[in-house]
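Reader: Hello! Could you walk me through this model, one local feature at a time?

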Amino acid sequence: MKYLLSCLFFVPVFLLAQDFQWASKVIAFSSEFDYKKYPGQYRANQVLGEPSTFSLNKANPCAWAPSKKNNEESDFIEVGFAIPQKVQQVVVHESFNPGSISRIIVKGEKGVEQTVYEVDSLIALSSARLLSVKFAPTTFKVNAVRIEMQTKYIDGFNQIDAIAIANHHEPYEIRINVNPEVEKQVVTMESLGGAVNSSTADLSPVISPNGKTLYFTRQNHPENIAPIEAQDVWMSQVREDGTFEPAQNVKAPVNNSFNNSVFGITPDGQKIFLLNQYNKDGTSTPGISFTQKQIDGWAFPENIEIDSFQNHGPFGEYCISNSGKILVMAIMLDKQGTKDLHVSFRKEDGTWTEPKSLGNRLNTAASEISPFLASDEKTLYYSTSGFPTYGGSDIFVTRRLDDTWENWTQPENLGPYLNSKEFDAYYTLPAKGDYVYLVSYREGGLGESDIYRASVPEVLRPEAVALVRGTVRNQKTNEPLAASIAYYALSSGKEIGLAQSDPVTGKYEIVLPAGEKYGFSAKREQFLPVSSEFELPKTAGYQEKEVDLYLVPIEKGAKIVINNVYFDTDKYELRKESFVELDQLVAIMKKYSSMQIEISGHTDDVGEAAYNLTLSKNRAASVMRYLTGKGIQEQRIKAQGYGEETPLVPNTDADSRQTNRRVEFTVQSL
């Protein structure tokens, strides 16, 4: 019997979509390799779907392996297909020790079958093989394929990664899923040089959202806290010209005699997140923690508590969102595979929800490691060898499609310039998304592993965000203040995140994803909260905005503009976007139970003065009704309308008129 046979020994290539149907279920198999350490690997179900590996004859946990090598008895696997069809080609990806396939049988309903490939003499091959068997079209619809193997002739374990059928003779080539636009660009990988990289291993970079501070880990460095073979956290400031200050050891309490590493930093720079949990006796235990900046340095780290948390592996990697409310982790939550990606959410009491899998589109039987959630909180970068790569583990990008955290775009390889033939991982980038920082073991470095930087092609960048920075000050004295800053979506009233201004300088920074109108307000004990707003349309690019916030001491005569209170044009009914701001004032009045206030409404000079006066009175009354509806006694509030009588600035243009259209909160007595 003669068969049309095509064996492709491949190197990385790229391919347009082809009409191949890949196996969707396992019907039967002779055996599977029992990898007791990670039982989810090398199993028969790893043959399902498209090829998951691009190995050059290397064992891969994402491919099926029979239980024995050089088995005297034949091995087999039989798979099914979701859509029965007439076929004229079977494709089998033999990813490790190829050459053992002796027979291929296609099957249809009612027991009909046909042998489409059979050989008596088997030869071991040196490279992974894409076996393409072509034949005349079958007369029946195929719904299953059986692969028989004589492994005794091929030394070592044998693996099959994927099986497909097709009703044509067109060739199939395994592809790396990379955006064609990325292939057209030449990206220069730049070492961070001797200020950051050393002759030892430099690992796990984390760049601050503003791109000005780099934290990373050094191992075996002579200036590490003893023992030097442990890992310490180091830090380098980025100069205005993009070069780096010489790195400094962060020292205690962040560093101790155990392994230490930073996995996140808040946009305000006031908090860093750390691997391990710190004990008062100087030891560390598995888990994660955080430390808060104080006037004299970093506070002793506090534990982060996650519901039902467990990690069956020796290592884990984590990423905290800019909002401080989302934690993405690479951990071995069960014993069925290596590390997978999960997400946890911060609860109001400061603890975190039980980890939730990010789903099978991202997680494979290989290890998924070093997740990084970009500032848009939708774009995720991570490293894996579970998809075709240029070498070992490569960095991929995927984008979240909804709020379930289970639906993602198909992960895309970052391409041959950001990934190498070696291990590539630990990707981090600032809020602007213009430069990527990563660890690579490529040749030419100063040490075992170095940290590199490269410009990011536009198609690989996250969605645009806004970096809002400023200083919190005492309005009366102009002195900087330490304060908490909450920011929230005005459309829903949902709190997006929290920040802290620096205890010495009063400076703060927050990052706001595109597509929303935000309110943000600074709070501090014995001060009235002051708010501002910022809108970032989806079509807007990256922005930076300076907004200083002035807190008003609570005393008689203290006055603030209630900035985030909204009415429709010529209306006085409160819009729901106003409720978050007004709820803060309710909290203040409940805390200061004897406080009496005036709510005053003001307009610009457009229209009749009498009409404006009535409108301002009605708007002040609406705010008063909201406060009393929340439990504030009516006798504590005076609602007054002033119309156009008391402008803050001359009514000369649209911006000045908007400034004059306002509602004010004034303390009458305490």
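**A guided look, piece by piece**

Reader: Is Phe54 buried or exposed?
Author: Its relative accessibility is 8%. Buried stands for under 20% relative accessible area, exposed for over 50%, and partly exposed for what lies in between, with a 1.4 Å probe and protein chains only. By that scale, Phe54 counts as buried.

Reader: What kind of model is this, and which pLDDT is needed for side-chain atom pairs?
Author: Residues are numbered from 1 along each chain as its sequence is written, and side-chain values use heavy atoms, without hydrogens and water. This is a predicted model in which totals for chains, interfaces and linings use all residues, local features need pLDDT of at least 70, and side-chain atom pairs count only at pLDDT 80 or more.

Reader: How far apart in space are Phe54 and Pro388?
Author: Phe54 is found in the loop between strand S3 (25-29) and strand S4 (75-85). Strands (E, at least two residues) and helices (H or I, at least four) are DSSP runs, numbered from the N terminus. Phe54 and Pro388 are 334 residues apart in sequence, yet from C-alpha to C-alpha the gap in space is 4.4 Å.

Reader: In the largest nonpolar core, which residues have the most contacts?
Author: A nonpolar core is a set of buried Ala, Val, Leu, Ile, Met, Phe, Trp, Tyr and Cys residues joined through side-chain atoms within 4.5 Å. The largest one here has 50 residues, and those with the most contacts inside it are Phe520, Ile599 and Phe665.

Reader: Leaving aside neighbours within four places in sequence, which residues is Phe665 in contact with?
Author: Contact means heavy atoms within 4.5 Å. With those neighbours left aside, the partners of Phe665 include Leu528, Ala558, Ile560, Leu585, Met589, Ile597 and Ile599.

Reader: What does the second, separate core include?
Author: This core has 46 residues. Among them are Ala164, Leu358, Tyr452 and Leu460.

Reader: What order do the strands have in the open sheet with mixed pairing?
Author: Two strands pair if DSSP finds at least two bridges between them. The edge strands, each pairing on one side only, are S41 (559-561) and S43 (637-641). S41 pairs with strand S44 (residues 662-669) in the antiparallel sense over three bridges, and Val561 stands opposite Glu664 in S44. The four strands have the order S41-S44-S42-S43.

Reader: Which helix packs on the sheet and touches S43?
Author: The helix covers residues 609-629 and touches strand S42 (596-602), S43 and S44. Its direction makes about 160 degrees with that of S43, where axes are lines fitted to C-alpha atoms (for helices over the stretch in contact) and angles run from 0 to 180 degrees between N-to-C directions. The name is helix H3.

Reader: In the hairpin of S16 and S17, which residue takes a positive phi?
Author: Strand S16 (residues 262-265) and strand S17 (residues 271-278) pair in the antiparallel sense over three bridges. Ile265 stands opposite Ile272 in S17. Five residues lie between the strands, and the one with a positive phi, near 70 degrees, is Gly269.

Reader: What is omega for the cis peptide bond that joins Ala226 and Pro227?
Author: Pro227 has its place in the loop between strand S13 (213-219) and strand S14 (231-237). For the cis bond that joins Ala226 to Pro227, omega is about 0 degrees.

Reader: At what distance from the ring centre of Trp234 does Arg218 lie?
Author: A charge sits over a ring if NZ of Lys or CZ of Arg is within 6 Å of the ring centre and within 35 degrees of the ring normal. The charged end of Lys271 sits over the ring of Phe290, 4.7 Å from its centre. Arg218 lies over the face of Trp234, and its distance from the ring centre is 4.2 Å.
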